[in-house]
Amino acid sequence: MDKYDQFKGQPRLPKSAVPRSYDLKLKPDLVACKFTGSVRISLDVVSPTRFIVLNAADLSVDRSSVGFCSGNTSKVLEPVEVQLFEADEIIVVEFAESLPVLAGVLSMDFEGTLKDNMKGFYRSTYEHNGEKKNMAVTQFEPADARRCFPCWDEPACKATFKITLEVPSELVALSNMPAFDVKVDGNLKTVQYMETPIMSTYLVAVVVGLFDYVEDLTPDGIRVQVYCQVGKADQGKFALDVAVKTLGLYKEYFAVPYSLPKLDMIAIPDFAAGAMENYGLVTYRETALLYDDKHSAAANKQRVSTVVAHELAHQWFGNLVTMEWWTHLWLNEGFATWVSYLATDSLFPEWQIWTQFLNESTEGLRLDGLAESHPIEVEVNHACEIDEIFDAISYRKGASVIRMLQSYLGPECFQRALASYIQRYACSNAKTEDLWAVLEEESGEPVTKLMNSWTKQKGYPVVTAKVKDQKLEFEQSQFLLSGSPGDGQWIVPITLCCGSYDARRNFLLQTKSEALDIMEASGCSDSQGSLMEAGKGKPNSWVKINVDQTGFYRVKYDEELSARLRYAIESKCLSATDRYGDFDFLLVLLLFILYSRVNLLITKFISSTGILDDSYALCMGCQQSLTSLLTLFSAYREEVDYTVLSNLISISYEVARIAADAAPELLDCIKLFFINL
């Protein structure tokens with residue numbers, strides 16, 4: 001057996017040595033597209049070992065430069081062997097004798113290539129005065145810091161970083177912290193940056209190029225700057241304003257101030273993701289940061305706001321408190337997605353952004369309704385698997401179940417628990433279970449048990465509701481797009497209201513089925529009357545389940561309950577988000593007619609917006625008539641909300657497309673119905 005086999009094919013690095021700080025120097029050559037560097041890593045040897053193993057990939061290490069110096073001596077121990085294993089992306093430094101438990105410094109020089117693959121330390125291009133130029137940019141998440149410098153490239157291996165850059169003197173050089181010393185020597189300058197707080201390697205950032213910027217100060221004196229290509233500075237003003245205000249919002253929400261002295265945000269022409277939350281130096285795709293008030297669409301303005309708010313949320317939830325391992329990625333991304341809408345709604349209430357959050361939910365529902373879906377919390381065994389879980393399950397379902405939990409526990413309780421969580425785990429690492437434990441302490445609810453049913457299994461339920469003998473009966477079953485039965489079961493946070501949003505009730509559906517007394521379940525007063533006795537035309541006799549569509553599940557009503565909702569819609573009793581959700585239910589009825597004609601066409605036309613997900617799922621039941629559908633559609637004749645109308649139009653096109661293939665003799669009638677509507 002080879003002596004190095006013990007390190008090959010392992011999901012994580014050995015625990016025999018732990019990094020404490022990095023002294024990193026980089027010198028990019030933007031003409032030759034190469035870079036050189038050196039790193040001195042202060043570390044603790046925590047158990048005797050002859051081997052120090054760390055990550056490195058796509059680098060050439062000068063073996064003669066590698067050495068280890070213990071903290072209590074100036075003697076440098078030279079290794080007997082330095083081996084790079086590209087397949088495992090590790091470098092093994094072997095010494096003749098076992099290193100005792102001590103503190104020391106591991107040093108080495110290296111070089112690499114500024115590739116154009118948009119990961120690691122790479123090059124991006126831009127034009128200045130008609131000339132094409134290169135800039136140097138980093139993108140390290142999830143596991144590509146190792147392509148820039150040898151390091152312990154795991155989120156739990158937090159350390160501090162002293163970064164020095166040697167760059168052409170005319171260029172802007174940025175890193176996580178402010179520069180404290182700049183020495184110019186002819187055409188080159190050496191820039192030294194303040195030491196960072198403790199953080200993970202994937203958050204280290206460097207950008208070198210020619211940029212314009214706009215800047216402002218927060219009330220706390222934090223300098224915020226937005227960098228972009230020369231000539232585009234005005235397009236950064238909106239993002240700058242959002243960032244300054246959002247830092248204040250998050251300081252109050254998390255009860256912890258922003259932890260760095262500055263925040264830079266920079267637009268990169270060639271960027272793989274929408275944005276990256278590097279600590280103190282957030283990088284963006286240009287369309288996610290720049291906004292031209294003369295030419296950009298309203299949708300662009302909203303995107304800039306939500307993306308900036310998302311990345312700044314990570315400065316607390318991700319950077320200050322970091323996931324222990326990539327298994328908990330969903331919590332990072334799901335939370336930042338959810339809270340970005342919270343911040344945007346606070347800054348721009350006129351946008352009614354929560355109605356548009358439903359696009360996040362429905363995309364999560366679409367993917368999670370597939371038999372090939374995966375749980376939110378996926379066990380990551382190796383770094384090469386990490387990219388596989390950066391999908392709508394991580395971001396959108398994650399955000400949706402967090403919103404569901406916040407709605408069930410209440411916003412005040414949820415905020416207090418989050419602030420406690422941030423304070424408890426600041427400058428450290430945490431797991432999903434740690435957040436649940438804090439929420440459970442604050443609320444007294446069985447949060448861990450509840451949320452495990454949503455994070456550790458794939459899929460979600462459809463909840464069937466019906467009225468029988470003065471009881472409101474609930475039954476859950478797993479939803480699959482294929483129509484096949486599923487065996488999943490969840491603890492479902494049911495929210496419902498009866499006749500008014502003031503008469504609201506929350507409870508947990510913890511079993512397959514449950515029946516509640518109508519008066520108890522809905523919180524209706526005697527003056528409102530029970531559902532069984534109220535006239536069907538009375539607006540106050542309706543029941544809405546999954547209030548404001550905050551739950552990550554679907555609802556199927558019996559004929560009586562659905563008929564009552566029609567009157568609630570007509571009389572404008574329901575919120576836009578609830579009308580949006582109930583409109584999905586309406587489409588089910590029409591699709592029943594078409595589905596019965598051509599079974600296989602149903603799954604062919606799944607809407608890219610995700611709005612039709614509920615409809616296709618409920619259509620599999622084939623229990624509603626076309627007559628009731630057309631009557632219910634008519635309830636939307638006076639609809640004026642943008643989100644509801646937008647989805648109404650999209651669904652109309654989808655139904656017409658299906659009808660053209662499935663029942664062409666009905667197409668003219670269906671089109672006429674939609675035109676009249």
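How many bridges join E6 to strand E7? The legends below take this up first.

The model is a predicted one, in which local features need pLDDT of at least 70 and side-chain atom pairs count only at pLDDT 80 or more, while totals for chains, interfaces and linings use all residues. Residues are numbered from 1 along each chain as its sequence is written, and side-chain values use heavy atoms, with hydrogens and water left out.

**View 1. An open sheet is formed by 3 strands in the order E3-E7-E6, with antiparallel pairing.** Strand E6 and strand E7 (residues 90-99) run antiparallel and are joined by 5 bridges, where two strands pair if DSSP finds at least two bridges between them. Strands (E, at least two residues) and helices (H or I, at least four) are DSSP runs, numbered from the N terminus. Leu84 has Ile91 in E7 as its bridge partner. Strand E3 (49-55) and strand E6 (81-85) stand at the edges, each with a single partner strand, so one side of each is left without a neighbour in the sheet.

**View 2. Helix H1 (residues 237-254) packs against helix H3 (residues 298-314) at an angle of about 40 degrees, with the axes 9 Å apart.** Axes are lines fitted to C-alpha atoms, for helices over the stretch in contact, and angles run from 0 to 180 degrees between N-to-C directions. H1 and H3 are therefore oblique to each other (angles under 35 degrees count as roughly parallel, over 145 as roughly antiparallel, 65 to 115 as roughly perpendicular and the rest as oblique). Among the residues that meet, H1 contributes Phe238, Val242 and Tyr250, and H3 contributes Lys301, Val304 and Leu312, contact meaning heavy atoms within 4.5 Å. By class, this contact of H1 with H3 has 11 nonpolar, 2 polar and 1 charged residues (Ala, Val, Leu, Ile, Met, Phe, Trp, Tyr, Cys and Pro count as nonpolar, Asp, Glu, Lys and Arg as charged, and the others, Gly among them, as polar).

**View 3. The axes of helix H15 (residues 642-662) and helix H16 (residues 667-676) come within 9 Å and cross at roughly 170 degrees.** H15 and H16 are therefore roughly antiparallel to each other. Ser652, Val655, Ala656, Ala659 and Ala660 of H15 make the contact with Leu667, Ile670 and Phe674 of H16. Sorted by class, the contact of H15 with H16 has 7 nonpolar, 1 polar and no charged residues.
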